[in-house]
Amino acid sequence: MIVKNPKFEISAVSPKQYPTSGLAEIVLAGKSNVGKSSFINTLINRKSLARTSSEPGKTRQINFYDIDSKFYFVDLPGYGYSKMSKMEQEKVGKFIEEYLFNRKNISLILLLIDIRHKPSENDILMYEYIKNTGLPFIIIATKADKIAVTKVDSTVLQLKEYLGVTNDDVQILPFSAERKIYSEDIWSVIEKTLNI
Ligand code: GTP
Ligand code: MG
């Protein structure tokens with residue numbers, strides 16, 4: 001899809017602030033600094049609509065981006081940011097849970113995991129949590145530009161093993177915001193999910 005008019009809609013900290021338009025929501029989940037906001041910018045081909053930073057913990061609220069009035073990208077705050085106080089981390093965890101478990105508009109969850117690292121305990125918990133919601137999801141292995149192209153496929157398979165993915169239906173796709181490759185594959189999944 002070629003995005004023409006992406007717009008930031010709202011930063012929400014509580015359900016009563018979520019948009020009420022009823023559009024489908026495609027959610028970005030993943031630990032702090034994994035590349036959620038960069039992912040959105042790459043897919044919509046904008047430099048900085050979603051705020052990114054080399055400093056982890058940039059996104060602290062739930063940010064909704066209206067994509068051509070067809071759906072929302074929902075940028076969740078990153079979990080597992082060690083410099084955040086325990087209280088702040090708990091608050092962020094509560095936002096995420098409150099959203100994922102109760103929101104009826106979710107069409108697809110994208111769980112982002114850094115291709116270079118073994119999934120953290122939090123990544124595995126998140127994977128289990130998302131599985132339990134029963135909602136459609138895929139896993140995206142980010143920062144694929146950081147490893148050799150020839151290693152991408154085997155690393156993705158390894159990631160599957162680390163996460164304990166047993167179901168062949170669970171898709172894991174590589175991604176790079178830096179090289180802007182692999183976007184097509186992800187757009188195909190989104191378009192198929194939304195029927196657009
Ligand atoms: P929080 O908002 O803290 O949860 O982080 P985030 O998941 O939104 O990460 P963000 O998109 O802000 O990216 C964090 C850092 O990783 C930035 O310095 C990005 O430039 C970098 N980054 C993101 N995606 C890629 C990628 O595909 N390749 C490389 N090499 N760097 C990336
Ligand atoms: Mg972010």
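These legends describe several close-up views of a predicted model. In this predicted model, local features are taken where pLDDT is at least 70 and side-chain atom pairs where pLDDT is 80 or more, whereas totals for chains, interfaces and linings use all residues. Residues are numbered from 1 along each chain as its sequence is written, chains are lettered from A and ligands numbered from 1 in the order in which they are written, and side-chain values use heavy atoms, with hydrogens and water left out.

**View 1**
Ligand 1 takes up the space of the largest pocket. A pocket is found on a 1 Å grid over the protein atoms alone, as an open set of points with protein on both sides within 12 Å along at least five of seven lines, where a 1.4 Å probe is used, and a molecule sits in such a pocket if more than half of its atoms lie within 2 Å of its grid points. There are 22 residues around ligand 1, and those that come nearest are Ser38, Gly57, Thr59, Asp145 and Ala177; a residue is near a molecule if one of its heavy atoms lies within 4 Å of it. Sorted by class, this shell has three nonpolar, twelve polar and seven charged residues, where Ala, Val, Leu, Ile, Met, Phe, Trp, Tyr, Cys and Pro count as nonpolar, Asp, Glu, Lys and Arg as charged, and the others, Gly among them, as polar.

An N or O atom in the side chain of Lys36 lies 2.7 Å from an oxygen atom of ligand 1. Taken alone, ligand 1 exposes 650 Å², and the protein buries 87% of that, with accessible areas coming from the Shrake-Rupley method with a 1.4 Å probe.

**View 1. Helix H1 and the residue that follows.**
Helix H1 spans residues 36-44 and is largely enclosed by the rest of the structure, because eight of its nine residues are buried. Buried means under 20% relative accessible area, exposed means over 50%, and partly exposed lies in between, with a 1.4 Å probe and protein chains only. The buried residues are Lys36, Ser37, Phe39, Ile40, Asn41, Thr42, Leu43 and Ile44. Helices (H or I, at least four residues) and strands (E, at least two) are DSSP runs, numbered from the N terminus. After H1 comes Asn45, whose phi is positive, near 60°.

**View 2. Two loop residues with positive phi.**
Most residues other than glycine have a negative phi. Ser69, which is not a glycine, has a positive phi of about 55°, and its place is in the loop between strand E3 (62-67) and strand E4 (71-75). With a relative accessible area of 47%, Ser69 is partly exposed. Lys143 likewise has a positive phi, near 60°, and is found in the loop between strand E6 (137-142) and helix H4 (152-163). Lys143 is partly exposed, at a relative accessible area of 23%.

**View 3. Glu25 and Tyr99.**
Glu25 belongs to strand E2 (residues 24-30), and its relative accessibility of 0% means that Glu25 counts as buried. The side chains of Glu25 and Tyr99 are joined by a polar contact of 2.7 Å; such a contact is a pair of N or O atoms within 3.5 Å, and within protein one must be able to donate a hydrogen and the other to accept it, while residues adjacent in sequence count only if both atoms are side-chain atoms.

Ala12 lies in strand E1 (residues 6-12) and counts as buried at 0% relative accessibility. Ala12 and Phe95 are 83 residues apart along the chain, and their C-alpha atoms are separated by 9.0 Å. Asp123, in helix H3 (residues 121-133), is buried with a relative accessible area of 2%. Between the C-alpha atoms of Asp123 and Glu55, 68 residues apart along the chain, the separation is 19 Å.

Note on methods: 1 Å grid on protein atoms, 1.4 Å probe; cavity = no way out; pocket = protein on both sides within 12 Å on 5 of 7 lines; lining within 4 Å.
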